[in-house]
Amino acid sequence: IFGYGYGGYGLYLDPSGRLALSNIGIDETKPSVAITDTAFHHLAVTKSGSTVVFYVDGIAYSAPAYNPGFVFSTVAAIGGRGDNLDNSFFGLIDEVAVYNRALSVGEIQAIYNAGSAGKCAPVVAANECTPPPAGIVGWWPAEGNANDIIGTNNGTLQGGISFAPGEVNQAFNFNNTNADVFIPASSSLDVGTGTGFTVEAWISP
């Protein structure tokens, strides 16, 4: 869903639909929950020290303690590994965001509860949307491009990626064959070196 290449952090679904936070190519930690349908779901993972919590549609699921240490020697990517086009996602990914701290349960639930209104974009007046939590360092809403609307980490579309109706306006549409959004290397996204981080998005696998 979002991650770096070898040795970096990544949030993904395994073939059975279980969520995983991975030290890419080395090891991982998983909760017991799995996504087994093709509806849109809001997913998030937070890490604070060795404490990892996964969220599906605002509900928290614990995971084994995990603090492997990450390295950032590759670009990042939405929909696959950052160092190659392996493990490409099949389905829709929308509203990907990365934070430099572990969001609270309430903050995750506010994003989920906003539903199709989404997070409030910087230049849009709030109505039904929810303000993005503090600490957001990258946000790719997939509105016809791969731009980061909160920072300078604009992505590049790779392979057969397109756009389709998402949970909030449009979403990236991945075809499972060499389709990714490459994000240039940036120290602002190297949040795995700090004490905590969050990755969250809407997906329809």
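**Around L189**

Mentor: Let's start with who touches whom. If you skip the neighbours within four places in sequence, L189 is in contact with F2, Y4, Y9, V98, V137, G138, W140, N153 and I183. Keep in mind that this is a predicted model. L189 itself sits in the loop between strand 14 (180-183) and strand 15. Buried or exposed, then, for L189? It's buried, because its relative accessible area is 0%. There's also a distance to look at here: the C-alpha atoms of L189 and Y99 are 8.2 Å apart, although 90 residues separate the two along the chain.

Seven strands make up an open sheet, ordered 4-3-2-1-8-14-11, with antiparallel pairing. At the edges you'll find strand 4 (27-29) and strand 11 (156-158), each of which pairs on one side only. Zoom in on strand 1 (residues 2-3) and strand 2 (residues 9-13): they run antiparallel and are joined by two bridges. Pick out G3 and you'll see that its bridge partner in strand 2 is G10. F2, one of the contacts of L189, falls within the residues of strand 1, and Y9, another of those contacts, falls within strand 2.

V98 on that contact list takes us to strand 9 (residues 90-99), where E95 is found too. What is the phi of E95 like? It's near 60°, a positive value in a residue other than glycine. Most residues other than glycine have a negative phi, so that's worth a second look. E95 counts as buried because its relative accessible area is 4%. For a second case with positive phi, go to N169, which has about 60° and isn't a glycine either. N169 belongs to the loop between strand 12 (162-165) and strand 13 (170-175). With a relative accessible area of 59%, N169 is exposed, whereas E95 is buried.

Stay with E95 for its side chain. E95 and K119 meet in a salt bridge, at 4.0 Å from N to O. That pair links distant parts of the chain, since K119 is in the loop between helix 1 (105-114) and strand 10 (136-140) while E95 is in strand 9, 24 residues away. Both ends are out of the solvent in the sense of accessible area: K119 is buried, and so is E95.

E200 and K119 are both buried. Elsewhere, salt bridges that share partners put D14, E28 and K30 into one network.

Across the whole structure, a search finds six salt bridges.

Technical notes. Residues numbered from 1 in each chain as written. Predicted model: local features only at pLDDT ≥ 70, side-chain atom pairs only at ≥ 80, totals over all residues. Heavy atoms only, no water. Helix = DSSP H or I, 4+ residues; strand = E, 2+ residues; numbered from the N terminus. Buried < 20%, exposed > 50% of the residue type's maximum accessible area, 1.4 Å probe, protein only. Pairing = 2+ DSSP bridges. Contact = heavy atoms within 4.5 Å.
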